[in-house]
Amino acid sequence: MVTFLPRLPGRLADVPSFDRAIGGAESNVACTLARTGHPTRWISRVGTDGFGDHLLAAIADCGVDVRHVRRDPLRPTGVYFRTAGDRATGTHEVAYYRAGSAASAMTAADLDPAALYAGRILHLSGITAALSADCLGLLRELTTRRPGRPLLSFDVNYRPGLWRDTARARVLLDLARGADLVFVGDDEARDAWGLHGPRAIRRALPEPHTLVVKQGKSGATVFRRTREPGGRRDDATFVPALNVDLVAATGAGDAFAAGFLSATLRGLPDRACLRHGHLWAAAALTVPGDLATPPSRPYADRLAALDDPAWAGLHLAPGWTDAATSGHRADEEVPTQ
């Protein structure tokens, strides 16, 4: 979608002007991965309108392959407006205009399997499943286990406003069971499925070999099933979140997923995957828009390799991702306030 960000704080009714940006869970992940050197492809539908032109140009400018995005002459590109406040507060407002959008008309028949399955990872979002019956059918098709598919990553991305009731939202649990790698917030699992705590979520989702439970300001836990002589073992690793001077929370979940996927593609261990997720989320938390430039790979690697006390002592403020070029030592990498 095209995103409109307010130039001033306040209610949508009172904000007089907005800046245009890009947004959307899957495209956010693709853009963030591309900005650190991973080849990525975004597959979707947009209108033949100017907003569709803008999305394709802006996403391609991040280094993402958009050649398989279809243009719909009959349906518009989705847009949304939001206030400047944190999504977690009662004053935050979001106005979506995507009912009947080009993306909501996606079906399995529209998509080229060769383009979908060419990469090492196929990343999906539960938001797409809520857009229409056709989109839900598409997600069901893509999460069906079959030989030859790439590692399938699924971010639950439960949005209460997109589901009429929690009974319908349980379809997200079914979709997650078909994935190999699942991202879900503990708050999402509680609100959508009535599950409390990482262990309960894992018991409800035993099928994915990797489950990442995001626990807000506390941190995140990854459960990874491994094979060993005599059976399987499920290892759990927890990494605390970072101390961040929050600008806006929108896009942080997508950035976390991109950081974790980047480390996964590089074959890094679970602890490093979680730390990269936290670092990339921190980049999004310290900018006003949905999409942030992540830290460079060498810079993120240095921070991810800090010992536990140094990691706990990091304090990330706006502009911290630029610190790698400012002459700081590895133990004082970030601007603090």
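These legends describe close-up views of a predicted model. Local features need pLDDT of at least 70 and side-chain atom pairs count only at pLDDT 80 or more, while totals for chains, interfaces and linings use all residues. Residues are numbered from 1 along each chain as its sequence is written, and side-chain values use heavy atoms, with hydrogens and water left out.

View 1. The structure holds one cavity of 30 Å³ or more, and the volume of the largest cavity is about 40 Å³. A cavity is a set of points, on a 1 Å grid over the protein atoms alone, where a 1.4 Å probe fits but cannot get out; lining residues have an atom within 4 Å of a point. Grid points are joined across faces, edges and corners, and the volume is the space filled by probe spheres set on the points. Thr36, Ser262, Arg266, His276, Trp280, Pro295, Ser296, Arg297 and Ala300 line the largest cavity. Two or more lining residues come from each of α11 (270-285) and α12 (297-304). Helices (H or I, at least four residues) and strands (E, at least two) are DSSP runs, numbered from the N terminus. By class, the lining has three nonpolar, four polar and two charged residues. Here Ala, Val, Leu, Ile, Met, Phe, Trp, Tyr, Cys and Pro count as nonpolar, Asp, Glu, Lys and Arg as charged, and the others, Gly among them, as polar.

**View 2. Helix α11.** From its first C-alpha to its last, the 16-residue helix α11 reaches 22 Å, close to the 22 Å expected at 1.5 Å a residue; the expected span is 1.5 Å times one less than the number of residues. Because 15 of its 16 residues are buried, α11 is largely enclosed by the rest of the structure. Buried means under 20% relative accessible area (1.4 Å probe, protein chains only).

**View 3. The open sheet β2-β1-β5-β6.** Four strands form this open sheet, with mixed pairing; two strands pair if DSSP finds at least two bridges between them. The edge strands, β2 (18-22) and β6 (94-97), each pair on one side only. Strands β1 (residues 2-6) and β2 run antiparallel and are joined by five bridges. Leu5 stands opposite Asp19 in β2.

**View 4. Strand β8 and its partners.** Four of the five residues of β8 (residues 151-155) are buried, leaving this strand mostly covered. Strand β7 (residues 121-125) runs parallel to β8 and is joined to it by five bridges, with Leu152 in β8 as the bridge partner of Leu122. Three bridges join β8 to β9 (residues 181-185), again in parallel, and Asp155 stands opposite Phe183 in β9.

Notes: 1 Å grid on protein atoms, 1.4 Å probe; cavity = no way out; pocket = protein on both sides within 12 Å on 5 of 7 lines; lining within 4 Å. Buried < 20%, exposed > 50% of the residue type's maximum accessible area, 1.4 Å probe, protein only.
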